[in-house]
Amino acid sequence: MTELIDGLYLQGEKIADTKAPHDVPIAQRWEQRKFNANLVNPANRRKLDVIVVGSGLAGGAAAASLGEQGYNVKCFFYQDSARRAHSIAAQGGINAAKNYRNDGDSVYRLFYDTVKGGDYRAREDNVYRLAEVSANIIDQCVAQGVPFAREYGGLLDNRSFGGVQVSRTFYARGQTGQQLLIGAYQALERQVHAGTVKEYRRHEMVELIVVDGRARGIVTRDMVTGKIDTHLADAVVLCTGGYGNVFFLSTNAMGCNATAIWRAYRKGAYFANPCYTQIHPTCIPQSGDFQSKLTLMSESLRNDGRIWVPKRAEDCDKDPREIPEEDRDYYLERIYPAFGNLVPRDIASRQAKNMCDEGRGVGPAIKERDAQGNERMMRRGVYLDFSEAIGRLGRDAVSARYGNLFEMYQRITGDDPYEVPMRIYPAVHYTMGGLWVDYDLESNIPGLYVAGEANFSDHGANRLGASALMQGLADGYFVLPDTMNDYLADMLREGKVDPDAPEIAEARRSVEDRVERLMALRGTRSVDDFHMALGRIMWEYCGMERRDEGLREAIGQIRALKEEFWRDARITGEAMELNQALEKAGRLLDFFELAELMCIDALHRRESCGGHFRAESQTPEGEALRHDDEFLYVAAWEWGGENQPPILHKEDLIYKDIELKQRSYK
Amino acid sequence: MNIKLKIWRQKNQNSKGHFEEYSMTGIEEHMSFLEVLDLLNEQLFAEGKEPVAFDSDCREGICGQCGVVINGQAHGPIRSTTCQLHMRHLAEDPSFKDGSTITIEPWRSTGFPVLKDLIVDRSALDRIVQAGGYISVNTGAAPEAHSVPVQKDKADAAFEAAACIGCGACVAACPNASAMLFTGAKISHLGLLPQGQPERLARVVNMLNQHDAEGFGGCTNIGECAAVCPKSVPLEVITRLNRDLGHALWKGQKTTA
């Protein structure tokens, strides 16, 4: 039945998502699904226990909403407070189809833009629902007191974002993520006070408990005491964000990791489209060897900032203010006249790399190490210039729009963007891949729900700006609280899991064994050292541009590095205390395995789409070239066992409401 | 540059802490302060010693997880979060010379017990929010967003207060270890908006009761809190808190459950 392909993976059965009711038009499916779902009566809800892992926009919103409904919720997160989840760092804004600007926006247009932006690799049903509930999110957040930008008439202000031609983005200066997260956090803390939610701070989920094929709980490590505990429930929701830190340098928070979803994958949950990584075009370039992470600047800067590099490589070390207009190449405006500086992220990122690869990058030349550790000197930066905007709008107006971003840029780089153009370069930012879920956001393990960035469902191969916040909140506030009822109603009849089930003790034992094995390591290299090495392999071979031979090389190198880890790593400190080296080591082990799967997925998808650019598949103009005849599917990978190849299940993508087109922003 | 770091080391909440000194060479100006600590930890690792535990997460100045007292000042000499402090900022101080000693301590407050080295427990701040730092609206029960206009200057002022990241620097800087700037920021954020009016008076009473129960001190208008606040939350949020409190007491506002 299964065939080993390329020596790397097995071909498995096709899968399908059957939960969206296709007997009604797309605009009625969500309403219909909600109506068909079973309900749990209010008095019974307190008998049901739900675990939510993560407290970001998806997790915080889900835990708060499920708590409001009356379920018993336990919410786990690794930070010291629920308010610190990495959603907080999102700057630019949140999309919603309110059409407050009267510029032709609609649910259908948001749906269309999102599917097109994702390069036709997202599921229509899910994206339509996302666009539909987007308007409710704004209502919800305004009612919570989220201080969105306002106009003098007292109504909400909007701006536009990359990849679209309408103003549908709601924002709170450059801190939209923070303000939305604080809204969800406050709703969550309200439920803590009401006693429906219990928070477990500084707790990391290290294993999923599956009994009789159903998700029944998790194993956690208390990061302060080292204590390992099991927590049982009737359903488990993972809202643990993305896995961009597999690249070591990324815009993700230091603690972002893949462990929760990877543990679920190893327990049978499918992992979909792992290779889809979004590289964000407006990050502050790397400044040195010891850099621990990269800092993103809001893409909204592209509304008024113009991106350029010198036309001639010999001008690259000049003061940019001394380069006359005719010697500047505003390359996005030149290549993509219709969208200009507002092309989607994948396109803006790749063009910035092309300019630097051509030798027209700007900023200090920095030492670059390729995956083999060879050094080279490169200028990795392009200008993001506000001089035109300052001339047109005045310094004060620019400051009102972007002041805090300018301040942050200056603090980090020491340059004043009011005087000298900013320098930007792409960096790993968001992962579109994640655990496979159906229309209900349920994984293929019954009772295991996955929401926000941790699932794969809504962004296809590329995410449009201001859509991440929208998806996190849509999933958390409006989708899960409705779809989970259906499952929980069944669980009411099914009854509680037997606490003596052998799977529970076995899950716990596997965690204890792993900790013990890690603490026994007596090598010479630190965990960070290995993580950096893994990051270099991934950025070089599975980063902005992928090739067949490079990906094969990467798989070999990742395997060798993992072996080296077990031979030569050392973990300081003790297991039963606050031990940051141990935390990182556990996460790195999962990153090793995920990195390999990302490369296999990237290798098998011999087409370019969105954030996945295969050098072998491009148009004569160098744009991403899809192969819809061969790859119009979600690649959902199943764990094949320790040291066994993974199994590929394809879910066909069916486009009935949107016509498939080659994406063009020209 | 070469520097010496004098760092508070403490095994756990129950043990006594002490300072230890470490020498570092080859520090570059563009490095962030936390990257210097990363580098120190690599150095300690190579020497077979245990790295220094410290908190950080987003390293973009917004999550509020980082925060230490540097040379006696919360988050160090410039108004920023610890993660956005760069060595160039320290080097700008005229008293800073090659080989200078930088002293690093955890947040100092009884409300923030030390968990290990530079890491403290700030869950008390969450409990203050739990006592009423929200607007009670159930998911899905919200009116259309444009049905309640908000005056632009009020919205801007609310935003200024809402910018608080809950890092706790205000507490660490205050001689009374008061969390009034934090509490006032939330009360101002919600109290300035029309949506926040129904619970306004109960909110201030409930949150302040919790503030006091957590062992934070009272405010005596010293202003250190606002001076160190990395998000420039203005001192007037405390004035607004006091005004709301006075109003609540005059109205005979009782705490709510």
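**View 1. The antiparallel open sheet of chain A.** In this predicted model, five strands of chain A form an open sheet in the order 13-19-18-14-15, and their pairing is antiparallel; strands are DSSP runs (E, at least two residues) and helices are DSSP runs (H or I, at least four residues), both numbered from the N terminus, and two strands pair if DSSP finds at least two bridges between them. Strand 13 (277-283) and strand 15 (328-329) of chain A stand at the edges with a single partner strand each, so one side of each has no neighbour in the sheet. Strand 13 of chain A is joined by five bridges to strand 19 (residues 422-431) of chain A, the two running antiparallel, and Q278(A) stands opposite Y430(A) of strand 19.

View 2. Strand 11 (residues 235-238) of chain A pairs with strand 21 of chain A in the parallel sense over three bridges, and L238(A) stands opposite V450(A) of strand 21.

**View 3. A salt bridge between two loops of chain A.** The side chains of D157(A) and R101(A) meet in a salt bridge (3.7 Å, N to O), the term meaning a side-chain nitrogen of Lys or Arg within 4 Å of a carboxyl oxygen of Asp or Glu. D157(A) lies in the loop between helix 5 and strand 6 (169-170) of chain A, and R101(A) in the loop between strand 5 (94-95) and helix 4 (107-117) of chain A, so the pair ties together parts 56 residues apart in sequence.

**View 4. The interface of chain A and chain B.** In this interface 77 residues of chain A are in contact (heavy atoms within 4.5 Å) with 77 residues of chain B. The two chains bury about 6,500 Å² between them, 51% of it on carbon and sulfur atoms; buried area is the accessible area (1.4 Å probe) that two parts lose on being put together, summed over both. In chain A, R84(A), F290(A) and R411(A) lose the most area to chain B, together 12% of what that side buries. Eight salt bridges are found across the interface, and the side chains of R202(A) and D55(B) meet in a salt bridge (2.7 Å, N to O). Helix 6 of chain A provides the largest share of the side of chain A that touches chain B, nine residues.

**Notes.** Residues are numbered from 1 along each chain as its sequence is written, and chains are lettered from A and ligands numbered from 1 in the order in which they are written. Local features need pLDDT of at least 70 and side-chain atom pairs count only at pLDDT 80 or more, whereas totals for chains, interfaces and linings use all residues, and side-chain values use heavy atoms, with hydrogens and water left out.
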